[in-house]
Structures are given as structure tokens and as C-alpha cells.
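Visitor: I'd like to learn how to read a protein model. Could you walk me through one, feature by feature?

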Amino acid sequence: MAKQTGISWTDATWNAWIGCEKVSPGCKNCYAESFVKNRMGKKLWGPPLTTTRQVTKTLKDVGKWNKEAESEQLLRRVFTSSLSDFFEDHPVANEHRPKAWYIIKQCPWLHFQILTKRPHRIGSCLPSDWGDGYPNVWLGTSIEESDYSYRATCLNEIPAVCRFISYEPALGPLNGLNLSGIDWVIYGAESGSNRRPEDKQWARDMRDKCRGAGVAFFHKQSSAFKSGQGVELDGELIQEFPLPRGVESLDQFKTKGTVQAC
């Protein structure tokens, strides 16, 4: 976990556990797997029967962030499960997910951005008091190409104060994607030495689609060796943030807001 992060669309990252199993083409060059293997020396990627997950000790850290945000009277965005998938069907995840929900509920000054490639599992993994959604939880799903557009439909079945799509790594056009019920789209081409090619028209089409639907659009990066390069789209920096239901203004957040689109 990190109190500060280079990820441009969030303020911090948090993982209650680490590890995952690849499920679609977007996972091929997984940055999280490489990080955990090369920096931590751990093998935590693979199926549940043969691979474990590593639980982290983060309760005090997250609680401290919440107290700091409260003292500043500013909300913070926290990318949740940057090195895992919060809704993976794994014994370790299933055991510790309720504990993670408890932590999340105790930290109202932190907005947890939970991104998953398994939106079909969200409903069965929610806490009993979820109701119309916790006021500090954003639910998102990754959609890298049109074959996985169905994930947006799964996401829309779940009540949430904010729903978002991570179009990253962008591997094909998403012209047929239904943005009904979606509040935010993050676009990013693949980075790294094995990056797959990007057609910049994919980003232009998604920008225009979002503008037509009143959805916030965040252009994170273009295709490059290093992450975070080529942030402008046709000479324009477009890094919009959504306004979660129940929050009056983006000014209530600590950092990084530019344009309120919805």
C-alpha cells in the first residue's frame, strides 16, 4: 500500500491482500504480477488450488489516513486492490473480505475505488448492510476490448454512489459500449517493453462518447515504454473526475480534480 502514488487518478493505494489469477487479455502483461515477483520475490499469481494470497497488515495505516483526511476536512481517493482483485473467488480473499469491508466502513473520509475484472461476483460479495451502496465506495470494472463489454452490464446491476470503467490497457475499440449508469471512464494505453499497439482513435471515440453521455473522461496515458507518458490527447489534458452521489462538490476532495463532467 502507498500513502502517495504515481497513479494519476487516485491519491493512494491499498491492498488488504496481494495476488490474483489472470482472467482475460488485459492481464497478459500484468504490472502487479511483475511488481510482486520482481520487487517482493513472491509468486502470488495463479489459480486458488495452487497459489496462495498474502494478507497485509494495514488497518492502522488506513485508519491513520482517515484521521488525517478528517483533520484536513478533505476527502481522499484510495485505489483499492491495486495488487489483487477484491472480488476474486479465492479462500484467502473470501476469508478476509469481510474484514476489509469493516475497515472501509470505519473510514468515511476515504473514498475507496474498487476496480475488478470480476463484476459478476460483486453482488455475492457485498456486506449485508450495503443497501444503495456505501457512501465512500466507488465500484469499477476493467474493459480492455469489446469482448468484455458485458462487464459494464454486470456492474450496472449493483447500486453504488459511483460506477466507473477502466479502459486499460486499451486493446481495441469500445464503440458499442453502453455508458448508461456509468459515471466515469479512465482510458490508458499499455506501457512497458511488451506493450501492445494502440490506435489513438480509440481514445478519441471514447472521449466523444463520454461527452455525449455526460460521463467524466480521464485520459491517463498513451502507449510508451514508461507508464504515465503521453497524457495529452490531441494536445488537450483531459483528466476529469466524477462527482459521487452524496458529495456536493469536487472541491471536497484533497487533490487532482480538473473538470466535473457529471
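Visitor: Let's start with helix α3. Which of its residues are buried?

Guide: A residue counts as buried when its relative accessible area is under 20%. In α3 of this predicted model, that group is Val 92, Ala 93, His 96, Arg 97, Ala 100, Trp 101, Ile 103 and Ile 104.

Visitor: Where does α3 bend?

Guide: Look at Arg 97, where α3 bends by about 40°. A proline, Pro 98, follows within four residues.

Visitor: And what does Trp 101 touch?

Guide: Skip residues up to four places away in sequence, and you get Phe 86, Phe 87, Ile 114, Cys 125, Leu 126, Pro 127, Trp 130, Tyr 134 and Val 137.

Visitor: How many residues are in the largest nonpolar core?

Guide: There are 50, and Trp 101 is among those with the most contacts inside this core, along with Trp 14, Ile 104, Phe 112, Ile 114, Leu 139 and Val 185. Helix α3, residues 91-105, gives the most to the core, with 5 residues. A second, separate core has 18 residues, including Trp 9, Ala 216, Phe 241 and Leu 243.

Visitor: Now Asn 66: is that residue buried or exposed?

Guide: Compare its area with the cut-off. Asn 66 has a relative accessible area of 7%, so Asn 66 is buried. You'll find Asn 66 in helix α2, residues 59-72. Beyond its neighbours within four places in sequence, Asn 66 contacts Gln 106, Cys 107, Pro 108, Trp 109 and Leu 110.

Visitor: What about Leu 179: where is that one found?

Guide: Leu 179 sits in the loop between β7 (163-167) and β8 (184-188). With a relative accessible area of 8%, Leu 179 is buried too. Leaving aside neighbours within four places in sequence, its contacts are Ile 165, Val 185, Lys 209, Cys 210, Ala 213 and Val 215. Ala 152 is 27 residues apart from Leu 179 along the chain, and their C-alpha atoms are separated by 7.9 Å.

Visitor: Last one: where is the pLDDT below 50?

Guide: Start with the whole protein: the mean pLDDT is 94, and 96% of the residues reach 70 or more. The pLDDT is below 50 over residues 258-262, a stretch that has 20 contacts in the model beyond near neighbours in sequence.

Key. Residues numbered from 1 in each chain as written. Predicted model: local features only at pLDDT ≥ 70, side-chain atom pairs only at ≥ 80, totals over all residues. Heavy atoms only, no water. Core = buried A, V, L, I, M, F, W, Y, C linked by side-chain atoms within 4.5 Å. Buried < 20%, exposed > 50% of the residue type's maximum accessible area, 1.4 Å probe, protein only. Helix = DSSP H or I, 4+ residues; strand = E, 2+ residues; numbered from the N terminus. Contact = heavy atoms within 4.5 Å. pLDDT = per-residue confidence, 0-100. Bend = angle between axes of the 7 residues up to and from the residue.
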